[in-house]
Amino acid sequence: MATALHLQRGLRERLRRGEAEITVVEPRAYFTYHPLLAEVAAGSIDPRHVVVPLRRILPDCRVLTARITRIEHFARRALADAAGPGEPPAPVELPYDILVVAPGSVSRTAPVPGLAEHGLRFSTVGEAVNLRNHVLEQLDLASATRDPALRQAALTFVFVGAGYAGVGALAELEDMARTAVRTYHNIRSEDLRWVLVEATDRILAGESPDLAEHTLGQLRERGVDIRLRTTLESALGGVVALSDGSRFEARTLVWTAGVRPSPLLRETDLPLDTLGRVRCLATLQAVGPDGRALPGVWAAGDCAAVPDPGADGAPCASNVQHAFAQAELLARNIEVALDGGPHAPGLAGYRPGPAACSTSLGLRRAVAHTRSGGRITGRRAWWLHRARHLRRLPSAERRVRVLMDWVFGGVFSRETVSLGAMEHPRTAFEDGFGPGPGRPPGAGPEAPR
């Protein structure tokens, strides 16, 4: 979406004169600003305020709500399906002159027994809201039950993967839960158990070692049990088994162990690397069989293997900073190529700027890099983190709404009510029929939803 936004700005005059047309194909009719999902889960931001309708911010583009099923670049066409889930296929053929590939990434899973049945993802707004409701429901359950084993399982929260998403989600939810238990007569914050499992020897692999170590210390001071060089071996029956030999029951298991390129790329004839990303030159053009630019194909973001000069030519890491910077450069290079051809001398290579990453650790706590190379923590880092993401939101209206969420959050206490019933709104209606001869056929909780 960021790529389309920059292209729309750069080609606005051509678009309005009818000299160019941009078609954006996206299964969802909105853009999600993922770096703020942790604050959505914690209740600091209204879920609607981190999504932006594509047609509103891309008025000069043709937005097609569909799913790409195949790309045949040799024929310069893409095939899409505009049907919704469970509906008959609605195929659409899209001829093109220039293809921009930016489908991003999806969660990387692993064949861990029990993970599919008991694990929770954290990559969409719906999943963030679901996780928030789930955590609050576990507090309700723990407060109501008299079974000590069930109570302990309800108060145990396990996160697998200590990247930005995992650390940010755990820290924000731990902070929210600490606030929530103040309203329970029989739960203390010391009763909550938070476990962070990481396969490598450090958290926040994309951060500098000293800032990652500072974050590790901050979380451990808050009582978070961090297991480094440890993997999840099983989650069968709600029992978490780790590679260090420990086993314990947990009713919350959140999987944030990295991402992988969108599987749609496998349905193309584009050149891919061993991880399934589009192989690119520094100019963000796809690499052809002869090692030169493949005419008419550009890629950016998590799905693109773009050489990083600062890492001896290894591909750039999958993070928001690279994705936004590459989107801006790709739009400029396409403008140049439209005037001077795919080998125009004005095409620029991607050179990452100074690290400007940050992650929130809860209210008034964060860690961040400054563009000058400095590193800050605490409240100053928290303000910088929020200012950066407020600026990056692609809608002035959404920036105002998020800012107001933060302002009201600073004036009033956090809202800690679970709205889990919203996920199954028909349940109460179906239960009202009950068993018996007067029940309509197919009605009731067992009816498909």
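## Helices 11 and 12

Helix 11 (residues 378–392) and helix 12 (residues 396–411) cross at roughly 155°, and their axes come within 9 Å. Helices (H or I, at least four residues) and strands (E, at least two) are DSSP runs, numbered from the N terminus. Axes are lines fitted to C-alpha atoms, for helices over the stretch in contact, and angles run from 0 to 180 degrees between N-to-C directions.

Helix 11 passes helix 12 in a right-handed crossing, meaning that the near helix is turned clockwise from the far one by less than a right angle (anticlockwise is left-handed). Arg386, Leu390 and Arg391 of helix 11 make the contact with Arg399, Val402, Leu403 and Trp406 of helix 12; contact means heavy atoms within 4.5 Å. The contact has four nonpolar, no polar and three charged residues. Here Ala, Val, Leu, Ile, Met, Phe, Trp, Tyr, Cys and Pro count as nonpolar, Asp, Glu, Lys and Arg as charged, and the others, Gly among them, as polar.

## Basis of the model

This is a predicted model: local features need pLDDT of at least 70, side-chain atom pairs count only at pLDDT 80 or more, and totals for chains, interfaces and linings use all residues. Residues are numbered from 1 along each chain as its sequence is written, and side-chain values use heavy atoms, with hydrogens and water left out.

## Helices 6 and 8

Helix 6 (residues 125–144) packs against helix 8 (residues 164–180) at an angle of about 35°, with the axes 11 Å apart. The contact is made by Leu131, Arg132, Val135, Leu136 and Leu139 of helix 6 and by Leu173, Met176, Ala177 and Ala180 of helix 8. Eight of these residues are nonpolar, none is polar and one is charged.

An open sheet has three strands in the order 8-21-20, with mixed pairing; strands pair if DSSP finds at least two bridges between them. Strand 8 (99–101) and strand 20 (285–287) are the edge strands. The twist from one strand to the next averages 50°. Helix 10 (residues 320–340) packs on the sheet and touches strand 8 and strand 21.

Strand 20 and strand 21 (residues 293–299) run antiparallel and are joined by two bridges. Val287 has Ala293 in strand 21 as its bridge partner.

## Two positive phi values

Most residues other than glycine have a negative phi. Arg76, in the loop between strand 5 (67–72) and strand 6 (77–81), has a positive phi near 50°. Arg364 has a positive phi of about 65°.
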